[in-house]
Amino acid sequence: MKSHVRVAVIGGGVVGCSVLYHLTKKGWSDVVLIERSELTSGSTWHAAGGMHTLNSDPTVAKLQEYTINLYRELEEISGQSCSVHMPGGMMLADTPERLDFLKTARAKGKVLGMETEFISMAEAAERHPLMDPSHFVGALFDPNEGHVDPSGVTQAYAKAARIQGAEVYRFNPVVDVKQRPDGNWDVVTEKGTIVAENVVNAGGLWAREVGRMVGLELPVLAMEHQYLVTDDMPEIMAASAELPHCIDFGGEAYLRQEGQGMLLGTYEKAGVPWSPHTTPWDFGHELLQQDLDRIAPSLETAFTHFPGLANAGIKTVVNGPFTFAPDGNPLVGPVEGLRGFYLACGVMAGFSQGGGVGLALADWIVEGDPGMDVFAMDASRFGDWATRGYTHVKVRENYSRRFSITYPNEELPAGRPLRTTPLYGRLSDRGAVWGASYGLEHALWFAPEGQEPKETPTYLHSNAFGPTAEECRGVRESVGVLEIANYAKYEVSGPDAAAWLDGMVANTLPRVGRLTLAPLLSDRGTLMGDFTVGRLGENRFLLVGSGTAEGFHMRWFRQHLPERGVTVRALAPALGGLSLAGPRSRDLLARLTDEDVSAEAFKFFDIRRLEIARCPATVARVTFTGELGFEIYLDAPYQATVYDAVVAAGADLGLVHFGGRALNSLRLEKSFGSWTREYTPDQTPWEAGLGRFVKLDKGPFIGRDAARAASGTPPARALVLLAVDHAGADATGDEPVLRGDDVVGYVTSAGYGHTVGRSLALAYVDRAVAGEVDGFTVEILGDPRPATRLAQPPVDPSGSRMRS
């Protein structure tokens, strides 16, 4: 056993072996994998081995496609068969709503080049003679679906890695992981200690235990999952080809051929967690006690929809644990504050996602960057607010909804509210309908008096449409108030704060008392963040950014902090706030302070300390609505006092409360982009229209060399604003933009522009067509809707209102 390595991977399931292989593929051979028992022990060995490409997140879908296409390469390198079966797969809709879901999934797949197609129910029944087509209204066929042998795949990864220089140590439990003073790690095993420059927690069922060794409580939970395998069936023995996979959404079941029988698995509503606090170290190649009664409702529906199964004998019932994160996506990437410690866990679909996880993480370790936007599976999307109790209820909810539709306007209720602000009760009394971002409740819209504060999940315009329109009109015509606790806020301070921050952001730092917009770049010159930077003193700054990305950005900041001289603190939600926006916002603010807030005294992009309603506050003259406005940042003890004063002072000014739905509509009318949608690590500043905020001549900053190279080359894509001919449904994001039959781009975010009466969509399109006006279509619910490029924002294109 080696004494010192560049990377030690802990865990010998399919994910750990994939990470090991991909590290060797990147040219790192001084890497080892340590497994407590035999490879595949845990969840891998009893997995059903199914694989598919479609996923609600495009990046995850792309990585799943990569995984599926990787298996032939693995077989060639390793000489180990993966037993790849590719009969294709059908997703079956039993209701019109599920058919809309499939139409949306197919449209998003077009952006990635996936060749799915709708087939008639007659053709579906011909391909799968066990089904009764009368129970379904639509079938989507994907030729790139199939299944593999779990053990064969895992061994293929391990053998290929060994061939390329890696070593695998089996039957050698890790008992402790400790960081050394030099930043390296002591990986303590029963057979000795290995010093590793980097450690990967691919512990699977034991990921929590490995995390606890370094002080982490990871948000993962194992759920019991059952499937059964039938005896040989005459219908299958008589078939001329292998039957396609099937997902029966109504039956909460998946099916595939297994030998001459069928494998049938369920994601039942009454899911049961397994070993919710600690995974026994001696658990291995065991199965759990079968409980067919628990999945009986799903089986009954499946036997109705697939009557050929009803008379088949059951050969085997498998009940085994799989780990899930609260949202069902993997936990991947580096951990804030633990240099050289990485996660690759919570991968419940290991044979669809394992290859992609290994690819992204190997790039992250070797290159310092995963090479693409992987936020949907980045571990930083959860903070320490994702407690064990929260994780338990969210995982159970996610498991029970595995085959349910989650509508684009739907907010799932389990585990909420968790984090709230001092204004939660007051805003609830005003009819707030709540969403959650980074665990924090924030108002989406306000139900009028007499209307229940609850939104109907739908693909169409919901019951929020009318109230949101009123909120938007109130902001444009008078003044609105929005709680902004869900904006991330950071304080950067210390004697070297200005010099450090200047080397982090791409724009020039503002003068004291002023704001600027500043992109954060990666070493590749792509976007890592988009901040409003306020300078409160020579070496004291307030940064405001995306609340969803707080963990993501704090990790980035800490990775680049010097040992002394600079401190970065995340201030939200303790530092909350209110946004006042609209033509009467200055009048309202003037009633709350004795300071001069006139246009001459308090200019656009000014920031200062003010006393508001007797309370100390930091106030910035900026707003995301495109109107005259102010953001008031307040410590928690003062938030209720200032809010009450705002409501009282604004009563005769036509003050309206507005929420996130209205904010989205208002910013689309101004063609303002937002982080995770328009601005991601997949874009350069020039693609995103942020090139004017990159000052290549200001001095060194992260990503400057790559940005300079990119600035001299016309970007392949351009961000444009489209007006879409809607039919009661707006685009929501990731839909294809087409010209004729050709996909020329994709929607990043969209919604209805209530004050202009048009459905709007921001989209990246190919540079070659970015100057065209007409001839675009956006596919919404399977219907190509005509779209027109708008040369300028439909509201105040000059920006005079913001500056007034």
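Within the largest nonpolar core, a set of 74 residues, the members that touch the most others are V9, Y71, L74, Y157, V200 and L361; such a core is a set of buried Ala, Val, Leu, Ile, Met, Phe, Trp, Tyr and Cys residues joined through side-chain atoms within 4.5 Å, and buried means under 20% relative accessible area with a 1.4 Å probe, protein chains only. Apart from it lies another core, of 40 residues, which includes L509, L527, A549 and L690. This is a predicted model, in which local features need pLDDT of at least 70 and side-chain atom pairs count only at pLDDT 80 or more, while totals for chains, interfaces and linings use all residues. Residues are numbered from 1 along each chain as its sequence is written, and side-chain values use heavy atoms, with hydrogens and water left out.

D369 is found in the loop between α9 (350-367) and α10 (388-400), where helices are DSSP runs of H or I with at least four residues and strands are runs of E with at least two, numbered from the N terminus. D369 counts as buried because its relative accessibility is 13%. Its side chain reaches the backbone nitrogen of G371 at 2.6 Å and makes a polar contact (a pair of N or O atoms within 3.5 Å, one able to donate a hydrogen and the other to accept it within protein, with residues adjacent in sequence counting only if both atoms are side-chain atoms) with the side chain of R524 at 3.2 Å.

In helix α12, the buried residues include P467, C472 and V475, and the buried residues of this helix pack against β21 (440-446) and α17 (660-669), among others.

How values were computed
Buried < 20%, exposed > 50% of the residue type's maximum accessible area, 1.4 Å probe, protein only. Contact = heavy atoms within 4.5 Å.
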